[in-house]
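Please open the model in your viewer and keep the selection panel at hand. The stops below go from one selection to the next.

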Amino acid sequence: MTNQIISVMGDLGEFKPEKLDAELSQNIGTIIVAGQHALYRHADYICTNNAEQLDFLVKNKAEKTVVLAPRDQYAKYVFYNKIECVPVFEDLKTYDFDPLNCSQQTLALATACWIGSPVIALFDYLLESKKENPALKAIMKIYPMTQFLLIRGKKSNKVGIFDDMSNVKQIDQTEFVDFYKKYVRKL
């Protein structure tokens, strides 16, 4: 998976399997989803810190998918196939990052950053001013060498909260496919 784009599916809930057209599907890279995101059956990794969702996901995930959960929840499922404990997020320790208490989309983003990729695309990412936006911006600042792509839906506008961040681009799905094709050709 080296040098491949990682795509994180957040908590917004607008990006459904039927919206995953063939071209986007072929050019999305590694997929990490937050909990029971509508694309959990298409994911390479599912990040969850919700005990009820974890039980469902362990039993209903695709064969190739790995479920990642915080240690306290993972312990109950340790003998199941393709479930792992979320990593220790050393880079986030100074922020008192707690995998059990953050949102699932923040957990998915932290996992994507831990895995590492020069480019991380955020699809269906719920922006919320009190908790999510500060966590998102903090993670983006910790990884200044990572290019973050905030992928907008077809009818959504750019938001101004990332204007001061040089490692964040806001693009639509068509622009993302073009970016991905050019990026992969360079490899």
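Begin by selecting Thr65, which sits in the loop between helix H2 (51–60) and strand E4 (66–69), where helices (H or I, at least four residues) and strands (E, at least two) are DSSP runs numbered from the N terminus. This is a predicted model, in which local features need pLDDT of at least 70 and side-chain atom pairs count only at pLDDT 80 or more, while totals for chains, interfaces and linings use all residues. Residues are numbered from 1 along each chain as its sequence is written, and side-chain values use heavy atoms, with hydrogens and water left out.

Thr65 is buried, with a relative accessible area of 0% (buried means under 20%, exposed over 50%, partly exposed in between, with a 1.4 Å probe and protein chains only). Its side chain reaches the backbone oxygen of Ala43 at 2.6 Å. Show also the residues that Thr65 touches, among them Tyr40, Tyr45 and Lys82, not counting residues up to four places away in sequence; contact means heavy atoms within 4.5 Å.

Next, select Tyr40 and Phe56, whose ring centres are 5.8 Å apart with planes at 70 degrees, so the pair is edge-to-face (ring centres of Phe, Tyr and Trp, the last by its six-membered ring, must lie within 6.5 Å; planes under 30 degrees apart are stacked, over 60 edge-to-face, the rest tilted). Tyr40 is buried at 14%, whereas Phe56 is partly exposed at 31%.

Finally, move to helix H6 (residues 173–186), where Phe179 and Tyr183 lie four residues apart; their rings are stacked, 6.0 Å centre to centre with 10 degrees between the planes.

How values were computed. Polar contact = N/O pair within 3.5 Å; in protein donor to acceptor, adjacent residues only side chain to side chain.
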